[in-house]
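Here's a quick briefing to read alongside the model.

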Amino acid sequence: MPNTNIKSNLLMGTTFKPVNRFYRSFKLNVSCHQSDLVAVSYNGDKIIGAGLIRCYLPTNKSINIKPRSEAQSCQSYDHPELGQFVLRSLFVDPEHRHYGIAKQILTLLCNKSDARLLLSCPNELTSLYQPFGFRVQSAPDNKTPNVLIKEHKKGLTLMCRP
């Protein structure tokens, strides 16, 4: 049973070195970028869970944005018209699972914006996301970022929160 000194915070536009070290300690290929929206749970001063939302810019030239790459972040989660928001990671230390930490992280991230939010996950995890308004999306649509299309082709389930 984890310590009851668990706190969760939103981080944005800050240095994410401790979060990136947390991911690397579990051999996960995840890295936070400066304009990602990141939620972190701590047990005391130790990170025990993290999740991040990244904005993928559109390639539509009618929008007056010149992205350096598809994964360049939007800078503002208040302007969903600038891109597609994707939950790119949600991970809790296995020793601290089944205590609601993932739900705390999801609550922080989902409450930040009413924008459409996409994710991909193994089918067995869809029930975690459904209480947050996510529904299984049968196939990618024309707004789905390429990173999620590739994951869908590998067998992951696409989900969308309108």
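Predicted model: local features only at pLDDT ≥ 70, side-chain atom pairs only at ≥ 80, totals over all residues.

The chain averages a pLDDT of 83, and 81% of the residues score at least 70. Go carefully over residues 60–77, where the pLDDT is below 50; beyond near neighbours in sequence, that stretch has 39 contacts in the model.

- Start with β7 (residues 157–161), where five of the five residues are buried.
- T157, M159 and R161 point one way from the strand, while L158 and C160 point the other way, and all are buried.
- In a regular strand, side chains alternate between the two faces of the sheet.
- β7 pairs with β5 in the antiparallel sense over five bridges, and L118 has C160 as its bridge partner in β7.
- β6 (residues 135–137) also pairs with β7 in the antiparallel sense, over three bridges; here V136 stands opposite M159.

**The nonpolar cores**

- The largest nonpolar core has 22 residues, and those with the most contacts inside it are I53, L87, L109, L119, Y129 and F134.
- Two or more residues each come from β2, β3 (46–56), β4, α2 and β5 (117–121).
- Helix α2 gives the largest share of this core, with six residues.
- A second, separate core has 12 residues, including L11, C32, V38 and V40.
- As background, nonpolar side chains tend to be buried together in soluble globular proteins.
- Which residues touch Y129, leaving aside its neighbours within four places in sequence? They are L87, L90, L106, L119, C121, F134 and M159.

**Aromatic pairs**

- The count comes to five aromatic pairs in the model.
- F22 and Y23 make a tilted pair, 5.7 Å centre to centre with 55 degrees between the planes.
- Y129 and F134 make an edge-to-face pair, at 5.8 Å centre to centre and 75 degrees between the planes.
- Y129 counts as buried because its relative accessible area is 6%, and F134 is buried at 0%.
- F22, Y23, F26 and F91 form one aromatic cluster.

**A closer look at F91**

- F91 lies in strand β4 (residues 84–92).
- Is F91 buried or exposed? It is buried, because its relative accessible area is 15% and the cut-off is under 20%.
- Leaving aside neighbours within four places in sequence, F91 is in contact with F22, Y23, F26, L28, I48, G49, A50 and R97.

**Salt bridges**

- The model holds four salt bridges.
- D93 and K46 form one of them, with the closest N and O atoms 3.8 Å apart.
- D93 is in the loop between β4 and α2 and K46 is in strand β3, so this pair ties together parts that are 47 residues apart in sequence.
- D93 is buried at 6% relative accessible area, whereas K46 is partly exposed at 45%.
- E151 and R88 meet in another salt bridge, at 3.0 Å from N to O.
- E151 belongs to helix α4 (residues 146–153) and R88 to strand β4, so the pair ties together parts that are 63 residues apart in sequence.
- E151 counts as buried at 16%, and R88 as partly exposed at 25%.
- R116 and D141 form a salt bridge too, with their closest N and O atoms 2.7 Å apart.
- R116 lies in the loop between α2 and β5 and D141 in the loop between β6 and α4, so parts 25 residues apart in sequence are tied together.
- R116 is partly exposed at 21%, and D141 is partly exposed at 31%.

**Two positive phi angles**

- K27 is not a glycine, but it has a positive phi of about 60 degrees.
- K27 sits in the loop between α1 (17–25) and β2 (37–43) and is exposed, with a relative accessible area of 78%.
- H98 also has a positive phi, near 75 degrees, in a residue other than glycine.
- H98 is in the loop between β4 and α2 (101–112) and counts as exposed at 82% relative accessibility.

How values were computed:
Residues numbered from 1 in each chain as written. Heavy atoms only, no water. pLDDT = per-residue confidence, 0-100. Contact = heavy atoms within 4.5 Å. Helix = DSSP H or I, 4+ residues; strand = E, 2+ residues; numbered from the N terminus. Buried < 20%, exposed > 50% of the residue type's maximum accessible area, 1.4 Å probe, protein only. Core = buried A, V, L, I, M, F, W, Y, C linked by side-chain atoms within 4.5 Å. Pairing = 2+ DSSP bridges. Phe/Tyr/Trp six-rings, centres within 6.5 Å; stacked < 30°, edge-to-face > 60°. Salt bridge = Lys/Arg side-chain N within 4 Å of Asp/Glu carboxyl O.
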